[in-house]
Amino acid sequence: MLELTASPFFGIALSIIAFFIGEKIQKKTGFAICNPLIIAIVLVIAVLSIFGISYESYNVGGTIINMFLAPATACLAVSVYTKIQILKENWLPIVVGCTVGSLASMGSAYLLCHLFGLDDAVVVSMIPKSVTTPIAVGISTSHGGIASITVVAVIFTGIFGNIAAPFLIRLFRVKDAMTAGLSIGACSHAVGTSKAIELGETEGAMSGLAIGVCGIITVLFSLFLH
């Protein structure tokens, strides 16, 4: 058993199987709350707890999966390229929208953290919650933040955006596909973008674009963190 769990294939296989089960449950129930990522996280935690497997053993395979995170995010550029004409025609609203979105995300995290009296390390860890994980962790650690807290904050933000995006779009009667896509990408990075892709091709492309633009803007704003 020890040899099995020490293998990187254990973490990889467990992650894939857990996510596969999550997808099946989500399709079967149709409930937004039954997000495959949430179900996969719960299943992985349950397996590790029941069988007494350490997180370190599981993460041997998890680190290999993490290697594909950045390339997978970069692949979103393909969908952006298919909508290059929209980008050329609307570059100013896109830049302004992403800038405002990044400011709102970072500012709200900063204010809420201070409102609840959290220490500086936690504040820095929470501020980049709305950008993709590699960028968020880089910002957090370079300013004295805690990487594990940042990762959890990024995952939670992405899952919430994935679940809530369709409802919020209907609630605020957002009709423009470009606006909807940029909003999702600016708030909930790649996990939210997976939902934007389901909503439409333009929404997916603009959400993917927002990931990159907001990532750059967030890095620039983070230079003013102390």
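Trainee: Where does isoleucine 197 sit?

Mentor: Isoleucine 197 is in helix α12. A helix here is a DSSP run of H or I with at least four residues, a strand is a run of E with at least two, and both are numbered from the N terminus. Bear in mind that this is a predicted model, where local features need pLDDT of at least 70 and side-chain atom pairs count only at pLDDT 80 or more, while totals for chains, interfaces and linings use all residues. Residues are numbered from 1 along each chain as its sequence is written, and side-chain values use heavy atoms, with hydrogens and water left out.

Trainee: Why does isoleucine 197 count as partly exposed?

Mentor: Check the cut-offs: buried is under 20% relative accessible area, exposed is over 50%, and partly exposed is in between, using a 1.4 Å probe and protein chains only. Isoleucine 197 comes out at 48%, so it counts as partly exposed.

Trainee: What is isoleucine 197 in contact with?

Mentor: Contact means heavy atoms within 4.5 Å. Leaving aside neighbours within four places in sequence, isoleucine 197 touches Leu76 and Gly204. Its C-alpha is also 8.2 Å from that of serine 207, ten residues apart along the chain.

Trainee: What makes the phi of histidine 189 worth a look?

Mentor: Most residues other than glycine have a negative phi. Histidine 189 is not a glycine, but its phi is positive, about 40 degrees. Histidine 189 is in helix α12, and its relative accessible area of 3% makes it buried. Arginine 173 is not a glycine either, and has a positive phi of about 55 degrees. Arginine 173 lies in the loop between α11 and α12, where its 68% relative accessibility puts it in the exposed class.

Trainee: How do you know that the length of α3 agrees with its residue count?

Mentor: The expected span is 1.5 Å times one less than the number of residues. For the 15 residues of α3 (36-50) that gives 21 Å, and the end C-alpha atoms are 21 Å apart, which agrees.

Trainee: Which residues of α3 are buried, and why are they said to be on the same side?

Mentor: The buried ones are Pro36, Ile39, Ala40, Val44 and Leu48. They cover an arc of only 160 degrees around the axis, so they lie on the same side of α3; the arc is taken over the directions from the helix axis to the C-beta atoms. Those buried residues pack against α2 (8-29) and α4 (55-66), while Ser49 and Ile50, on the other side of α3, are exposed. After α3 comes glycine 52, with a positive phi near 65 degrees.

Trainee: What makes a space a cavity, and what makes it a pocket?

Mentor: On a 1 Å grid over the protein atoms alone, a cavity is a set of points where a 1.4 Å probe fits but cannot get out, whereas a pocket is an open set with protein on both sides within 12 Å along at least five of seven lines; lining residues have an atom within 4 Å of a point. Points are joined across faces, edges and corners, and the volume is the space filled by probe spheres set on them. The largest pocket has about 1,900 Å³. Of its 47 lining residues, Leu37, Ile41, Leu69, Ile155 and Val191 are the closest to the centre. Helix α11 gives the most to that lining, with ten residues.

Trainee: How many cavities of 30 Å³ or more are there?

Mentor: The search of the whole structure finds one. The largest cavity holds about 50 Å³ of space, and its lining includes Ser102, Met106, Ala186 and Cys214. α8 (91-115) and α13 (201-222) are the elements giving two or more residues to that lining, and α8 gives the most, with three.
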